[in-house]
Amino acid sequence: MTSATPPGPRPEPDAAVTEAADAADSGGTADGGGTGDGSWRIFRGDGRSRRATLPPAPPWRRFRQPGESGEAGGPARPPLPYLISDSHADVVNAALHLRRPLLVTGPAGTGKSSLARAVAHELGLGALLRWPVNSRSTVQEALYQYDAIGRLRETTLSRDRGEAEPSIGSFVRLGPLGTALVPAERPRALLVDEMDKGDVDLPNDLLTVFEEGVFEIPELVRLPEEQSRIRVFTADGDDTVEVDRGRVQCTEFPVVVITSNGERDFPPAFLRRCIRLDLPVPDEERLRAIVAAHLGEDALREADELLQAFLRRRAPGELATDQLLNAVFLRSGGVDLDADGLLDAVLHQLTGTV
C-alpha cells in the first residue's frame with residue numbers, strides 16, 4: 001500500500017526530531033542515554049539512509065583474517081574447551097587408538113562438527129581439513145581435481161609464446177580427503193560433515209580409501225618415467241606436495257570425524273569400519289557450562305529465564321544449543337527478548353513447516 005502524502009516539496013523536519021535521529025544513528029539518544037530504539041535497533045525500516053556502526057559480533061561469528069594462524073575461516077580466537085563427558089571422550093580415544101573413522105551422530109546443535117575442531121586443536125594436528133558433503137559430492141572430488149581445460153589453454157599459450165609448457169602438477173589440486181592422506185610424520189584431522197546428505201553409494205565408495213589409505217591420480221600415473229615425481233597443490237591454499245608415480249599413500253591414517261544428522265542409514269560394511277559416538281542433547285547443567293564458556297560467568301545471570309524457556313520449547317520440537325547462545329548474547333546486550341515475538345524468532349523450532 002502506498003502513502004497518501006500529497007506530491008510536492010517535503011517540509012523541513014523539526015530540529016528536535018533531527019537531533020534525536022542523528023543521536024540514534026550513532027547508537028544513543030538525543031540526551032546520550034543509549035536507551036530506546038537507538039540502543040540496539042540498527043535497522044528501523046524508516047527509509048532513511050544512515051551510516052550506522054555495527055556492534056561487535058558474537059564470539060562464534062568472528063572470523064580470522066588472511067595470514068592469521070589456525071583453521072581457515074575458523075573463529076578469530078583460541079578454541080574453547082570442548083565440554084564432553086568422560087564416557088564420550090573414551091569413545092573418541094578408542095577411534096584414535098584404532099585409527100578408525102569416528103562417526104558422530106546426534107540432533108542438530110549437539111556439537112558434532114565442533115568435536116572435530118577440538119580434537120585437531122588438542123592434538124596439535126594443524127588446520128582442520130573439512131569436506132562438506134552434499135547430494136552431488138563424490139569421493140573423486142574429495143581426493144583430487146584435475147583442470148584439464150586450464151592445462152590445455154595454458155599449454156597452447158605457452159607454445160604460441162615459445163615458452164616451456166607448464167607442469168601438469170600446476171593443474172592438479174588435492175581435495176580435503178586427498179590432502180589428509182598425504183604421507184607425513186603426524187596425521188592430519190579431517191571433518192566429513194553431514195555424510196547423510198550425500199548420495200546413497202557414497203559410504204561404499206569410501207570403503208577402499210578408508211581401509212587402505214591410498215589412492216591414485218590416473219593423470220599422473222600415465223606420465224613417462226622422467227616425470228614420475230610431480231608437485232601438486234593441496235587443500236591448504238598454495239602449499240604443494242610431491243607425488244611419486246601418481247600414488248598417494250598415507251603413513252599415518254588421518255583422524256577422521258564423520259558427522260550425521262541421522263537422516264539416512266549407512267550400510268553395515270561402512271558402519272563396521274567406524275567407531276560410533278552418539279551425542280545426546282545437553283542437559284541443564286551442561287547448557288549452563290556452555291553459556292559460561294562462550295559468554296562468561298556474568299552471562300549466566302541473564303540466562304536463567306532464557307534457559308528455562310529453551311528447555312520448555314525443546315520438549316515439543318528440536319532446538320539447537322547455539323540458539324540459546326544467540327538469545328543470551330542478545331539479552332546481555334540489553335535487548336528485550338520478550339518484545340514483539342523476538343524470542344520466538346531466536347528460539348524457533350528446527351523441524352516442521354516454515
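The legends below describe close-up views of one predicted model.

Residues are numbered from 1 along each chain as its sequence is written, and side-chain values use heavy atoms, with hydrogens and water left out. Because the model is predicted, local features need pLDDT of at least 70 and side-chain atom pairs count only at pLDDT 80 or more, whereas totals for chains, interfaces and linings use all residues.

**View 1. The whole chain.** The chain has 14 helices and 11 strands; helices (H or I, at least four residues) and strands (E, at least two) are DSSP runs numbered from the N terminus. Of its 354 residues, 37% are buried, where buried means under 20% relative accessible area, exposed over 50%, and partly exposed in between (1.4 Å probe, protein chains only). The chain exposes about 20,800 Å², of which carbon and sulfur atoms supply 51%; these areas come from the Shrake-Rupley method with a 1.4 Å probe, and for residues only the protein chains shown count as cover. Contact means heavy atoms within 4.5 Å. Among contacts between residues at least 6 apart in sequence, 72% join residues at least 24 apart.

View 2. Thr 259 belongs to β10, residues 255–260, and counts as buried because its relative accessibility is 2%. The side chain of Thr 259 makes a polar contact of 2.7 Å with the side chain of Asp 193. A polar atom of the Thr 259 side chain also lies 2.7 Å from the backbone nitrogen of Glu 194. A polar contact is a pair of N or O atoms within 3.5 Å; within protein, one must be able to donate a hydrogen and the other to accept it, and residues adjacent in sequence count only if both atoms are side-chain atoms. Neighbours within four places in sequence aside, Thr 259 has contacts that include Val 104, Ser 113, Leu 191 and Met 195. Lys 112 is 147 residues away along the chain, yet its C-alpha is 6.2 Å from that of Thr 259.

**View 3. Thr 110 in the loop between β1 and α3.** The loop holding Thr 110 runs between β1 (102–105) and α3 (112–122). Thr 110 is at 12% relative accessibility and therefore counts as buried. Its side chain reaches the backbone oxygen of Pro 107 at 2.8 Å. Residues up to four places away in sequence not counted, Thr 110 touches Tyr 82, Leu 279, Pro 280 and Val 281.

**View 4. Helix α13 and its packing.** The 12 residues of α13 (321–332) reach 17 Å from first C-alpha to last, close to the expected 16 Å; the expected span is 1.5 Å times one less than the number of residues. Buried residues of α13 include Leu 324, Leu 325, Ala 327, Val 328 and Arg 331. The buried residues pack against α11 (284–295), α12 (304–314) and α14 (342–346). Gly 334, with a positive phi near 95°, follows α13.

**View 5. Two arginines with positive phi.** Most residues other than glycine have a negative phi. Arg 99 has a phi near 55° and sits in the loop between α2 (86–98) and β1. Arg 245 has a phi near 60° and sits in the loop between β8 (240–244) and β9 (247–249). Arg 99 is partly exposed at 45% relative accessible area, and Arg 245 is partly exposed at 46%.
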